[in-house]
Amino acid sequence: MGEIKVLNPVPRASSLKEVVIKSIRDAIISGYFKPGEKLIEKRLTEDLGVSRTILREAISHLSAEGIVKVVPNKGPIVRNFEEEDIYNLYQIRMALLGLATRQFTQNLSENTLDKLEKKLDKIKLAHKNFDAEKLIKAKNDFYQYIVDESGNSDLINRKSTRLNSSHLVISYA
């Protein structure tokens, strides 16, 4: 039986490092890489079709986000979230999303409300169809939209580190 390939070669159109970061992050969030699993450099460079330098920069970024841990003499592993980590991440997530939501409502227009309702409809559909992967993506898109439309450039620029880790926790549940 053939192995399903989650990691695909990276297209060369966008910032290569950003595409590699997203690809690895998505593979972790989807469960392709499990908590505590070692990320093997040779395999990743081959699967993604990128250099070791780009891969190492991406791993460093994911380490700074807190979803990968670089262990001396072992290499990068997928972070294994403990109960306290999950609690702390949800506290941060609630605070950031609360702020984003307050600021989002101050900037609310008919157009942004319509777009938000469409995103909510995608959440409902994924829930109705018991599609966990689409549900996680739809929820992430919903919250991302609120943050992006909050008008708070500092929050928009900083949210990725905190919210990506909490999205990862959600996918483990």
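This report describes the elements, cores, helix faces and aromatic pairs of one predicted protein model.

## Basis of the description

Residues are numbered from 1 along each chain as its sequence is written, and side-chain values use heavy atoms, with hydrogens and water left out. Because the model is predicted, local features need pLDDT of at least 70 and side-chain atom pairs count only at pLDDT 80 or more, whereas totals for chains, interfaces and linings use all residues.

## Overall organisation

The protein contains 7 helices and 2 strands. Helices (H or I, at least four residues) and strands (E, at least two) are DSSP runs, numbered from the N terminus. Read from the N terminus on, the elements follow the order α-α-α-β-β-α-α-α-α.

Of the 173 residues, 36% count as buried; here buried means under 20% relative accessible area and exposed over 50%, with partly exposed in between (1.4 Å probe, protein chains only). The accessible surface comes to about 10,800 Å², and carbon and sulfur atoms account for 53% of it. Such areas come from the Shrake-Rupley method with a 1.4 Å probe, and for residues only the protein chains shown count as cover. Among contacts (heavy atoms within 4.5 Å) between residues at least 6 apart in sequence, 67% join residues at least 24 apart.

## Two nonpolar cores

A nonpolar core is a set of buried Ala, Val, Leu, Ile, Met, Phe, Trp, Tyr and Cys residues joined through side-chain atoms within 4.5 Å. The largest such core has 20 residues, and those with the most contacts inside it are Val20, Ile24, Phe33, Leu39, Leu55 and Val68. Helix 1 (16–29), helix 2 (41–48) and helix 3 (52–65) are the elements that give two or more residues to this core. Another core, of 14 residues, lies apart from it and includes Phe104, Leu135, Ala138 and Phe142. In soluble globular proteins, nonpolar side chains tend to be buried together.

Leu39 illustrates the surroundings within the largest core. Leaving aside neighbours within four places in sequence, Leu39 is in contact with Ile24, Phe33, Leu44, Ile59, Val68, Pro76, Ile77 and Val78. The C-alpha atoms of Val78 and Ser63 are 9.1 Å apart in space, while the two residues are 15 residues apart in sequence.

## Helix 3

Helix 3 has 14 residues and reaches 20 Å from its first C-alpha to its last, close to the 20 Å expected at 1.5 Å a residue; the expected span is 1.5 Å times one less than the number of residues. The buried residues of helix 3 are Ile54, Leu55, Ala58, Ile59, Leu62 and Glu65. Seen down the axis of helix 3, these buried residues fall within an arc of 135°, so they line one face of the helix. The arc is that of the directions from the helix axis to the C-beta atoms.

The face of helix 3 turned away from its buried side carries the exposed residues Arg52, Thr53 and Ala64. Gly66 follows helix 3 and has a positive phi, near 95°.

## Helix 5

The 19 residues of helix 5 (residues 110–128) should span 27 Å at 1.5 Å a residue, and its end C-alpha atoms are 27 Å apart, which agrees. Its buried residues are Thr112, Leu116, Ile123 and Ala126. They cover an arc of only 75° around the axis and are therefore on the same side of helix 5.

These buried residues pack against helix 4 and helix 6. On the other side of helix 5, Glu110, Lys118, Lys124 and Lys128 are exposed. Phe130, with a positive phi near 55°, follows helix 5.

## Aromatic pairs

Rings of Phe, Tyr and Trp (its six-membered ring) pair if their centres lie within 6.5 Å; planes under 30 degrees apart count as stacked, over 60 as edge-to-face and the rest as tilted. By this rule the count comes to 3 aromatic pairs. One of them joins Tyr32 and Phe33 edge-to-face, at 4.9 Å centre to centre with 70° between the planes. Phe33 counts as buried, at 2% relative accessibility.

Phe104 and Tyr145 also form an edge-to-face pair, with 6.1 Å centre to centre and 70° between the planes. This pair links distant parts of the chain, 41 residues apart: Phe104 is in helix 4 (residues 83–106) and Tyr145 in helix 6 (residues 132–148). Both residues are buried, with Tyr145 at 10% relative accessibility. Not counting residues up to four places away in sequence, Tyr145 touches Phe104, Asn111, Thr112, Lys115, Leu116 and Lys119. The C-alpha atoms of Tyr145 and Thr112 are separated by 9.1 Å, with the two residues 33 residues apart along the chain.
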